[in-house]
Amino acid sequence: MNLTSDQLIFWHYGFVVLNGTIVTTWALMLLLALGSKLITRKLTTDGEVSRWQAALEIIVTGINAQIKEVGLNHPERYLSFLGTLFLFVATASLCIVIPGYTPPTGSLSTTAALALCVFVAVPLFGMREQGFLGYLKTYVEPTPIMLPFNIISELSRTLALAVRLFGNMMSGAMIIAILLTITPFLFPVVMTSLGLLTGMVQAYIFSILAAVYIAAATVARTTKPRRPVRPTATH
């Protein structure tokens, strides 16, 4: 019984290993790329739109609204990155209905790679909004004493992001595998349905946390405290 797709080895040569995580990850990326190409090749703004375009507009509009609610005033700047994160994790979770499929997000290597993407993207977005020196100054705010704590905070939240997604997806796959050995018909169907819901929730949480981190680097840190208004003398 394989709990993660890391245990499924297709080919290896020396230290180079081609396991199930790599295969399913690239298969999902290929599926998303081809699906995006096929859906967007006949986009129209006049007349009746296709069902695929309507579904795509609902997804994009929903992600756009969520990004704006986090506090990012120009969600179109972050839509491609955050939308890709959400769609990848969500698609990886939805595919669990395929027999024999193990989601790559149940592997710590995949979740760590996704968290590293967020770790790199946050300072890049912050530097784009505030400039290189302006973003670096945020690490010594409110006082230079906070520099090591701010650095540790950046590293720890990246680790937490990876472990949170891995733990939730891994536990779901483990429970389904255990119940499959006990009752091969009833409980796996119920747990698979619950796994679909859990996977969508995790995709939402992961992308929202990434949006919050980006907002903290681009919006909150640029907000300077207002000077107290001195009362004017009345005559």
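So, which residues do ring pairs link into a cluster? Keep that one in mind for a second. Quick caveat before I go on: what we have here is a predicted model. Okay, the cluster is Tyr78, Phe81 and Phe125, joined up by ring pairs.

Two of those names come back when we look at the helices. Phe81 in H3 and Phe125 in H4 are both part of the contact between those helices. H3 covers residues 79-94 and H4 covers residues 108-130. Their axes are 12 Å apart, and the packing angle is about 170 degrees. Anything over 145 counts as roughly antiparallel, so that's what we call H3 and H4.

Who's touching whom? On the H3 side you've got Phe81, Leu85, Phe88 and Val89, and across from them in H4 sit Thr110, Leu114, Cys117, Val118, Ala121 and Phe125. Sort the residues of that contact by type and you get 9 nonpolar, 1 polar and no charged.

Back to rings. In total we count 4 aromatic pairs. One pair I'd like to show you is Tyr135 with Tyr139: the ring centres are 5.4 Å apart and the planes sit at 85 degrees. Over 60 degrees is edge-to-face, so that's the label for this pair.

And are those two tyrosines buried or exposed? The cut-off for buried is under 20% relative accessible area. Tyr135 comes out at 1%, so it's buried. Tyr139 is at 13%, so Tyr139 counts as buried too.

Last one, a charge and a ring: Arg157 lies over the face of Tyr213, 4.3 Å from the ring centre. That's it from me, thanks!

Key: Residues are numbered from 1 along each chain as its sequence is written. This is a predicted model: local features need pLDDT of at least 70, side-chain atom pairs count only at pLDDT 80 or more; totals for chains, interfaces and linings use all residues. Side-chain values use heavy atoms; hydrogens and water are left out. Axes are lines fitted to C-alpha atoms, for helices over the stretch in contact, and angles run from 0 to 180 degrees between N-to-C directions. Helices (H or I, at least four residues) and strands (E, at least two) are DSSP runs, numbered from the N terminus. Angles under 35 degrees count as roughly parallel, over 145 as roughly antiparallel, 65 to 115 as roughly perpendicular and the rest as oblique. Contact means heavy atoms within 4.5 Å. Ala, Val, Leu, Ile, Met, Phe, Trp, Tyr, Cys and Pro count as nonpolar, Asp, Glu, Lys and Arg as charged, and the others, Gly among them, as polar. Rings of Phe, Tyr and Trp (its six-membered ring) pair if their centres lie within 6.5 Å; planes under 30 degrees apart count as stacked, over 60 as edge-to-face and the rest as tilted. Buried means under 20% relative accessible area, exposed over 50%, partly exposed in between (1.4 Å probe, protein chains only). A charge sits over a ring if NZ of Lys or CZ of Arg is within 6 Å of the ring centre and within 35 degrees of the ring normal.
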